[in-house]
Amino acid sequence: MAALRSSPLALRPAAVAAAPSSASSSPARVSCFLRRLPSAAPRRLRILSPFPRRRRGGGALGAVMVDSAASSYATALADVAHSNGSLEKTAADVEKLEQAFADPAIESFFSNPTIPVERKAEVVKEISSTLELLPHTSNFLKILVDMGRIDIFNEIAKEFELQFNKITNTEVAVVSSVVELESQDLSQITKVVQQFTGAENVRIKTVLDPSLIAGFTIRYGATGSKFIDMSVKKQIDEIATQLDFSSIAF
């Protein structure tokens with residue numbers, strides 16, 4: 001199975017995006033803090049809010065509702081960050097939070113409806129301090145807790161990435177290869193994608209995929225619809241289709 005290696009929210013204009021190394025151990029520290037908390041009382045808190053809370057289940061309709069809510073929150077965060085000139089720093093905040101929420105303990109904690117909002121707010125405060133989040137990012141987390149939407153943060157992060165790319169005119173390209181490519185190779189690929197798309201910025205995500213045998217592939221476009229295949233696997237497949245082995249007995 002292919003292994004995704006890059007970070008989703010790093011930006012470098014017209015160059016290869018490097019995954020930030022800041023707060024690399026912060027999610028672990030946050031998780032440790034979380035595990036020190038006493039277990040929550042088995043009760044539900046009723047939150048009065050003009051905004052609808054997330055409903056569990058619901059099949060396709062429920063998924064659409066979650067996507068809609070995530071898009072609304074992500075757009076609001078991106079608008080605030082863009083207006084105060086902190087879009088890239090906010091993107092870095094979102095990336096650090098994604099790393100934190102990748103911890104099953106943290107994700108489980110915030111998705112647990114029996115844990116009081118006050119307890120979740122306490123953890124949000126600790127996360128904000130540990131990760132050194134911007135004030136508006138920290139406030140954004142508090143709003144998610146108050147609105148009962150903190151459990152869809154990962155969906156919000158994905159929508160924020162789309163908003164970020166749109167505002168900064170950034171094209172995302174996924175480069176798959178058998179082994180890690182050299183920085184000069186990725187730089188050349190970046191230039192090619194920029195020429196094809198006319199994007200002001202290009203961000204590279206690298207994936208290791210042994211099935212390619214050798215070479216690499218590039219996928220880009222709004223829905224990943226554009227594809228460049230420079231792999232040996234493709235060449236072998238093309239040769240195989242031109243050869244007729246039907247008369248050979250195996």
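## Terms and model

A crossing is left-handed if the near helix is turned anticlockwise from the far one by less than a right angle, and right-handed if clockwise. Helices (H or I, at least four residues) and strands (E, at least two) are DSSP runs, numbered from the N terminus.

This is a predicted model, in which local features need pLDDT of at least 70 and side-chain atom pairs count only at pLDDT 80 or more, while totals for chains, interfaces and linings use all residues. Residues are numbered from 1 along each chain as its sequence is written, and side-chain values use heavy atoms, with hydrogens and water left out.

## Overall layout

The chain holds nine helices and five strands. Along the sequence their order is β-α-α-α-α-α-α-α-β-α-β-β-β-α.

Of the 250 residues in the chain, 40% are buried. Buried means under 20% relative accessible area, exposed over 50%, and partly exposed in between (1.4 Å probe, protein chains only). Take the contacts (heavy atoms within 4.5 Å) between residues at least 6 apart in sequence: 75% of them join residues at least 24 apart.

## Helix α3 against α6

Helix α3 covers residues 87-101 and helix α6 residues 135-146. Their axes come within 9 Å and cross at roughly 45°. That angle makes α3 oblique to α6. Angles under 35 degrees count as roughly parallel, over 145 as roughly antiparallel, 65 to 115 as roughly perpendicular and the rest as oblique. Axes are lines fitted to C-alpha atoms, for helices over the stretch in contact, and angles run from 0 to 180 degrees between N-to-C directions.

The crossing of α3 and α6 is right-handed. On the α3 side, Thr90, Asp93 and Leu97 take part; they meet His136, Thr137 and Leu141 of α6. The residues of this contact comprise two nonpolar, three polar and one charged. Here Ala, Val, Leu, Ile, Met, Phe, Trp, Tyr, Cys and Pro count as nonpolar, Asp, Glu, Lys and Arg as charged, and the others, Gly among them, as polar.

## Helix α3 against α7

Helix α7 spans residues 153-167. Its axis lies 10 Å from that of α3, and the two pack at an angle of about 155°. α3 is therefore roughly antiparallel to α7. The crossing is left-handed.

Residues of α3 in this contact include Leu87, Ala91, Val94 and Phe101. Among their counterparts in α7 are Phe153, Phe160, Phe164 and Ile167. The contact residues divide into ten nonpolar, two polar and two charged.

## Strand pairing

Two strands pair if DSSP finds at least two bridges between them. Strand β2 (residues 170-177) pairs with β3 in the parallel sense over eight bridges. Ala173 has Ile204 in β3 as its bridge partner. Seven of the eight residues of β3 (residues 201-208) are buried, so this strand is largely enclosed by the rest of the structure.

β2 also pairs with β4, antiparallel, over four bridges. Val174 stands opposite Arg219 in β4.

## The β4–β5 hairpin

Strand β4 (residues 216-220) runs antiparallel to strand β5 (residues 226-229), and four bridges join them. Ile218 faces Ile228 across this pairing. Five residues separate the two strands of the hairpin. In the turn, Gly221 has a positive phi of about 105°.
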